[in-house]
Amino acid sequence: MAAAEGRAAEARVAVLGTGIMGSAMARNLVAAGLNTTVWDRSPSVTQPLAEAGAQVAASPAQAVRDARVVITMLPTADVVDSVIFGQGVAGAFAEGAVWAQMGTIGITATTEIAGRLGTLRPDVMFVDAPVSGSKGPAEAGQLLILASGSPGAEAVAQPVFSVVGRKSVWLSEAGQGSRLKLVVNAYMSILIEGVAEALKLAGRLGIETERVAEAIEGGPLDAPIADATLHQIVRGDFAPVFPLEWALKDVDLAIGAAGGATLPLLGALSGQWHAAVNAGLGREDVSAARLALDGNQ
């Protein structure tokens, strides 16, 4: 009995932030048999997770109290700071717990948060672990996890990461994961805008979008993310898988992190996507970048 209880304690996980990505992670953790507690700023979104078998906490501090691994999947650095340091979470972490910060909040904020936690709770291991992937990979447990942080954290966090991700790339000190994530998302954003603009050009030249897809599929230009974006645009399906406003946030973080280096494509892309968000497309999927082009006849 004692051994079983010990294993249950080792498997206890908390997920703070159960939007598109966090809810998918939590479902996979529950399905894998891990004792999972969830919390979100909007309590209504946790009800389906309760029905799936997760425990729902009334506060973030309550959620993390007995957790061996805590995942935060929150939208911005300000929200992370507010939840962890403003709502008593830092003090409520269990001794020796791992905090895996898995949202994309930027390099500066990640470094500052890691330093602040180290001062307040040196016994807690911080892991900067942003993920690459959107709704589909999250639901399938196929995210790419870019992890960096406290020595010794890998052994504790990896069993949890193996449930929510297909691969974990472990780097060095906290902040390296966020650096790599900005590079990956810059690459992804340029591909998506490229698809959107190519399809607008196709329309101008009288080429059906289905023919563009047919020409590219199976060849060297058939990158999975570009293919998925192309087919979403063909279907006119802009339901949020990765909302445009989140993609724009990552583009702007990348530009800010470049330290004044010239990034002409990202700079132009930021301006275009800001206009799209201001036009009301921010909550649509990033593939709605194609819709934004219709205002630029």
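**Notes on the predicted model**

1. Start with the contacts. Taking those in the chain between residues at least 6 apart in sequence, 67% join residues at least 24 apart. Keep in mind as you read on that this is a predicted model.

2. On to secondary structure: you'll find 15 helices and nine strands in the chain.

3. What about overall dimensions? The chain has 297 residues, and a compact globule of that length would have a radius of gyration near 19 Å; the chain comes in at 20 Å, so the two agree. If you box up the C-alpha atoms along the principal axes, they fill roughly 70 × 40 × 35 Å.

4. Buried residues account for 47% of the 297 in the chain.

5. A quick word on charge: the chain carries 20 positive and 29 negative side chains. The centres of these two sets sit 3 Å apart.

6. You'll see Asn28 in helix α2, which covers residues 20–31. Is Asn28 buried or exposed? Its relative accessibility is 17%, and the cut-off for buried is under 20%, so Asn28 counts as buried.

7. Which residues is Asn28 in contact with, leaving aside its neighbours within four places in sequence? They are Ala138, Glu139, Ala140, Gly141 and Val163.

Terms used:
Residues numbered from 1 in each chain as written. Predicted model: local features only at pLDDT ≥ 70, side-chain atom pairs only at ≥ 80, totals over all residues. Heavy atoms only, no water. Helix = DSSP H or I, 4+ residues; strand = E, 2+ residues; numbered from the N terminus. Rg over C-alpha atoms; globule rule 2.2 N^0.38 Å. Buried < 20%, exposed > 50% of the residue type's maximum accessible area, 1.4 Å probe, protein only. Contact = heavy atoms within 4.5 Å. Lys, Arg positive; Asp, Glu negative; His and termini not counted. Charge placed at Lys NZ, Arg CZ, Asp CG, Glu CD.
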